[in-house]
Amino acid sequence: MARGTAQRVFRMTLLVAASTAACVIPLPSWLDPARPAFLSITLLWLVFAGPKPAGLLAAWLTGLLLDLLQGGMLGQNALAMVVTVAIALKFRLQVRAFPPLNQAVVVAGLLFIYEFLIFWTDGMAGLPGRGGWRWLYPLTSALLWPLLAALHQRALGRH
Amino acid sequence: MASRQDHDIRPLLVSGPSLAARLFVLVIASGILMIADHRAGYLDALRSALMAALYPLQRSVDAPFSAARWMSEGLATHSMLRGENGRLAEENRELRLRQMRLDALERENARLREASQTTARVIDRYLVAELVRLDMDRLRHRVLVNRGSTDGVYVGQPALDAQGVFGQVTRVGPVSAELIMISDPAHALPVVINRTGMRTIAYGRGNLERIELPFLPGNADIEPGDLVVTSGLGGVFPPGYPVGEVEELLKEPGEQGLRVTVRPLARLSSDPEVLLAWYDNQVQEPEAPSDGAEVP
């Protein structure tokens with residue numbers, strides 16, 4: 001059993017490291033606004049499909065990691081992430097039963113809420129806007145959801 | 001037994017504070033963090049430490065790219081190197097020729113400035129910093145470089161490349177620093193139109209190919225091709241360094257002003273390294289007139 005736990009921790013670390021790398025790996029600048037939110041998707045997948053849901057504290061720490069990676073205001077992504085994951089946890093049992101395509105729609109909605117929180121805190125802090133392209137990535141993330149969910153499933157060795 | 005444990009999906013039996021209570025605590029914590037970081041700047045030391053902790057991870061993402069660069073340099077053929085060498089020698093000859101003229105002009109300029117009691121503020125020291133190939137934020141133009149406070153890098157330090165102004169340092173870690181590029185929507189740069197001496201401010205618009213001068217009057221003397229240089233106002237950038245070339249004048253119907261787009265000269269999208277510059281930014285104010293106009 002201890003070996004199983006160790007293995008799971010190892011796979012989890014790999015999964016988080018891969019999603020983090022996917023968040024910052026250089027893309028051509030025209031493609032960059034469409035980059036899916038890999039870390040958010042990973043957390044949402046753990047909630048909706050994973051063997052064990054991600055906790056709120058883990059979500060908060062992941063948000064902080066994103067804040068540091070993006071060089072933005074500390075706590076901004078942490079707030080958005082923790083609220084998004086809390087909503088996901090609330091409706092977890094319903095959404096788990098959905099087919100992947102319907103789940104993708106839910107994910108898009110949650111990521112819109114996420115980006116709205118970033119938009120709102122940007123405004124509160126007096127940071128300049130980022131333009132309309134900021135609302136694009138929830139859609140691209142949702143389009144990738146079925147594929148990424150399948151990949152994640154494989155990464156954790158479950159079928 | 002192990003598999004039952006693995007497949008247990010019921011979080012309902014977990015004891016401890018409720019979801020709402022945990023959410024409340026973490027939301028408050030985020031709020032406090034945001035205020036402490038953004039408004040008060042209390043977290044600079046913590047941030048610097050966290051940047052150092054994160055740096056190995058960021059380097060490891062960059063590693064395949066720098067390895068590929070290194071490989072392609074290693075595999076450069078003899079003829080490619082000879083070609084490049086010839087090109088560089090030619091460029092060097094041309095630059096030396098221009099330098100000769102420049103030396104004379106500089107001396108003349110110094111003589112003239114002596115007369116008006118101000119000093120020319122020019123870059124006297126620089127450090128080459130390599131960009132870590134990372135995309136930090138989707139719609140913001142920030143980059144990470146491999147120099148930090150141990151190299152003497154400071155917040156607000158100007159960064160240039162061989163063609164023009166690149167940006168400035170926003171955060172410093174021990175071995176890394178974050179730069180904001182002149183094309184970032186949060187960046188404003190005091191500039192002067194070289195031909196006419198008209199001063200204005202250049203704003204980033206989140207586009208690597210273009211920055212804007214939004215506040216010019218409709219009858220401003222400006223044309224496409226004009227060189228835009230730093231004005232040195234604001235004290236971050238030394239004056240007289242090239243920023244970009246005027247590209248287009250947009251007159252919007254119903255608007256009084258003119259919106260001018262400028263193409264940055266610095267290669268914002270492709271440059272693998274930048275120069276972090278030091279210069280003496282102590283402005284020497286001219287002596288107050290002796291006939292007794294007291295300045296409070």
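**Close-up views of aromatic and charge–ring contacts**

**View 1. Phe116(A) is partly exposed, at a relative accessible area of 44%.** The model shown is predicted. When rings of Phe, Tyr and Trp are paired if their centres lie within 6.5 Å, the count over all chains is four aromatic pairs. One of them joins Phe116(A) to Phe119(A), with 6.1 Å centre to centre and 45° between the planes, a tilted arrangement. The two residues are about one helical turn apart because they lie three residues from each other in helix 6 (residues 100-125) of chain A. Phe119(A) is partly exposed as well, with a relative accessible area of 40%.

**View 2. Tyr203(B) and Phe215(B) form an edge-to-face aromatic pair, 5.7 Å centre to centre with 90° between the planes.** This pair links distant parts of the chain: Tyr203(B) belongs to strand 7 (residues 199-204) of chain B and Phe215(B) to strand 8 (residues 211-216) of chain B, twelve residues apart. Tyr203(B) has 24% relative accessibility and counts as partly exposed. Phe215(B) is exposed, its relative accessible area being 58%; the cut-off for exposed is over 50%.

**View 3. Ring pairs connect Phe112(A), Phe116(A), Phe119(A) and Trp135(A) into a cluster.** Trp135(A) also has a charge over its ring: the charged end of Arg134(A) sits there, 5.7 Å from the ring centre.

**View 4. In chain B, the charged end of Arg125(B) sits over the ring of Trp278(B).** The distance from this charged end to the centre of the Trp278(B) ring is 4.1 Å.

Note on methods
Residues numbered from 1 in each chain as written. Chains lettered and ligands numbered in written order. Predicted model: local features only at pLDDT ≥ 70, side-chain atom pairs only at ≥ 80, totals over all residues. Heavy atoms only, no water. Phe/Tyr/Trp six-rings, centres within 6.5 Å; stacked < 30°, edge-to-face > 60°. Helix = DSSP H or I, 4+ residues; strand = E, 2+ residues; numbered from the N terminus. Buried < 20%, exposed > 50% of the residue type's maximum accessible area, 1.4 Å probe, protein only. Lys NZ or Arg CZ within 6 Å of the ring centre and 35° of its normal.
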